Every structure is written in structure tokens, then in C-alpha cells.
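Please look over the sequence and the model shown here, and read the briefing that follows alongside them.

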Amino acid sequence: METMDILENKIKEALSKKTKLEAEHKTLSDEVLKLRESIERLEQERSDMKLKLDQVIEKVEIYLSRSEA
């Protein structure tokens, strides 16, 4: 019966490790998803800022061209 107890304990340990690994995998997957969303948001903000900067530069160029004339 001792062999059965050892096997049972090994199976319990393996199942416990599997459960912990699955939980860690889910946590890491959630973190990766959040990071991807953050990257997308930052890229959109960068794009928006570039557009605003380009508009400001265009207005300054128009102002300068009018003041030179």
C-alpha cells in the first residue's frame, strides 16, 4: 500500500503544480493583453500629438509667410 500512497501523493503534487501553472499562465496572459492595449493607446496618442504638431507647424509657416510678404 505504500507504493499507492507515494503515487497518490505524486499525482496530487502534479495536479497542484498544474493548477498553479494554469493560474500563472492566465495572470501573465492578462498582463500581456493589458500591455498590448497600453501600447496601442500610446501609439494612438503619439499619432494624435504628431498631427497636432504638424498643424501648429503649418500655422506658424503660414503666419511667417504672410509676415514676410
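Because Lys12 and Glu8 are four residues apart in helix H1, about one helical turn separates them, and their side chains meet in a salt bridge with an N to O distance of 3.2 Å. A salt bridge is counted here when a side-chain nitrogen of Lys or Arg lies within 4 Å of a carboxyl oxygen of Asp or Glu. This is a predicted model, in which local features need pLDDT of at least 70 and side-chain atom pairs count only at pLDDT 80 or more, whereas totals for chains, interfaces and linings use all residues. Residues are numbered from 1 along each chain as its sequence is written, and side-chain values use heavy atoms, with hydrogens and water left out.

**Salt bridges along the helix**

- The structure holds five salt bridges, and among them is the pair of Lys18 and Glu22, whose side chains meet at 3.5 Å, N to O.
- Lys18 and Glu22 are four residues apart in helix H1 and are therefore separated by about one helical turn; helices are DSSP runs (H or I, at least four residues), numbered from the N terminus.
- Another of these contacts joins the side chains of Asp54 and Lys50 at 3.0 Å, N to O, and these two residues, being four apart in helix H1, are likewise separated by about one helical turn.

**Accessibility of the paired residues**

- Lys12 has a relative accessible area of 49% and so is partly exposed, a class that lies between buried (under 20%) and exposed (over 50%), with a 1.4 Å probe and protein chains only.
- Glu8, at 41%, is partly exposed, as are Lys18 at 46% and Glu22 at 44%.
- In the remaining pair described here, Asp54 is partly exposed at 37%, whereas Lys50 is exposed at 52%.

**Nonpolar surface patch**

- Val56, Val60, Tyr63 and Leu64 make a nonpolar surface patch of about 390 Å², where patches consist of residues with over 30% relative accessible area and no salt bridge, nonpolar side chains (Val, Leu, Ile, Met, Phe, Trp, Tyr) being joined within 5 Å and like charges within 9 Å.
- The accessible areas come from the Shrake-Rupley method with a 1.4 Å probe, and for residues only the protein chains shown count as cover.
- Val60 lies in helix H1, which spans residues 2–68, and with 41% relative accessibility Val60 counts as partly exposed.

**Lys52 and its separation from Ala23**

- Lys52 is placed in helix H1 and, at 51% relative accessibility, counts as exposed.
- Lys52 and Ala23 are 29 residues apart along the chain, and 43 Å separates their C-alpha atoms.
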